[in-house]
Amino acid sequence: MADDYDTEVHTAGAGASDTYPEQCSKMRKGGYVMIKNRPCKVVEMSTSKTGKHGHAKVHFVGLDIFTGKKYEDICPSTHSVNVPHVNRLEFQVVDFDDGFLECMDDKGSTTQFKAPDKPDDDEIRAMLAEADKDDSESIVQATIWKACGIEMVLDMKLVKQK
């Protein structure tokens, strides 16, 4: 009788969230906060005193970590804000073609990322050529930021290996 039924098993992710809640009053300058659904680094923060309408208010000024655009928000100090999980990763650039970087992590796995606007394509090629020289002990390193399902190359540099 058990053979009469087709069973189908679906899988899903681990259920990890892109953000976690944190009380406004616990936030600090230099930390990260979601403002208008964008991951931002807090560059300015001020708290107003309790007034006749209740809660003290926290005023956040943040810069979007991917675009640099400035965002502001005000929140009661006893309420929670969403804080993004932000990861900064370092990869070795092994190839550059058609606006994409082929990057390798420390385990040897490769991944492609869209090349940043700065440095431009010619500067990227020059860095890779310098690293490929026979006597060079350098590599091209890309710094990738990951937050809220977005991955972006934010910095590239020529690094001397030890």
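The largest pocket holds about 180 Å³ of space. This is a predicted model, where local features need pLDDT of at least 70, side-chain atom pairs count only at pLDDT 80 or more, and totals for chains, interfaces and linings use all residues. Residues are numbered from 1 along each chain as its sequence is written, and side-chain values use heavy atoms, with hydrogens and water left out.

**Largest pocket**
- A pocket is found on a 1 Å grid over the protein atoms alone: it is an open set of points where a 1.4 Å probe fits, with protein on both sides within 12 Å along at least five of seven lines.
- Grid points are joined across faces, edges and corners, and the volume is the space filled by probe spheres set on the points.
- Lining residues have an atom within 4 Å of a point.
- The lining consists of F113, K114, A115, P116, D117, K118, E151, M152, V153 and L154.
- Strand 9 (110–114) and strand 11 are the elements that give two or more residues to this lining.
- Strand 11 provides the largest share, 4 residues.

**Overall fold**
- The chain has 1 helix and 11 strands.
- Helices (H or I, at least four residues) and strands (E, at least two) are DSSP runs, numbered from the N terminus.
- From the N terminus on, the order is β-β-β-β-β-β-β-β-β-α-β-β.
- The chain has 162 residues, and 30% of them count as buried.
- Buried means under 20% relative accessible area, exposed means over 50%, and partly exposed lies in between (1.4 Å probe, protein chains only).
- The accessible surface of the chain comes to about 11,300 Å², and 46% of it belongs to carbon and sulfur atoms.
- Accessible areas come from the Shrake-Rupley method with a 1.4 Å probe; for residues, only the protein chains shown count as cover.

**Nonpolar cores**
- A nonpolar core is a set of buried Ala, Val, Leu, Ile, Met, Phe, Trp, Tyr and Cys residues joined through side-chain atoms within 4.5 Å.
- The largest core has 16 residues, of which V93, L101 and M156 touch the most other members.
- At least two residues each come from strand 7 (87–97), strand 8 (100–104), helix 1 (121–132), strand 10 (138–147) and strand 11 (150–160).
- Helix 1 gives the most to this core, with 4 residues.
- A second, separate core of 12 residues includes M27, V33, F60 and Y71.
- Contact means heavy atoms within 4.5 Å.
- Not counting residues up to four places away in sequence, M156 touches V93, L101, P116, P119, I124, M127, V140, Q141 and A142.

**Cysteines**
- A disulfide is a covalent bond between the sulfur atoms of two cysteines.
- Here it is counted when a pair of cysteine sulfur atoms lies within 2.5 Å, and the count comes to 1.
- C24 and C75 form the disulfide, with their sulfur atoms 2.5 Å apart.
- The torsion about the S-S bond of C24 and C75 is about 90°, so this disulfide is right-handed.
- C24 sits in the loop between strand 1 (19–23) and strand 2 (32–35), C75 sits in strand 5 (residues 70–76), and the two are 51 residues apart.
- C24 counts as buried because its relative accessibility is 0%.
- C75 is also buried, at 7%.
- C148 is partly exposed, at 22% relative accessibility.

**D18**
- D18 lies in the segment before strand 1.
- D18 counts as partly exposed because its relative accessibility is 42%.
- D18 and V83 are 65 residues apart in sequence, yet 8.5 Å apart in space, C-alpha to C-alpha.
- Leaving aside neighbours within four places in sequence, D18 is in contact with V83, P84, H85, C148 and G149.
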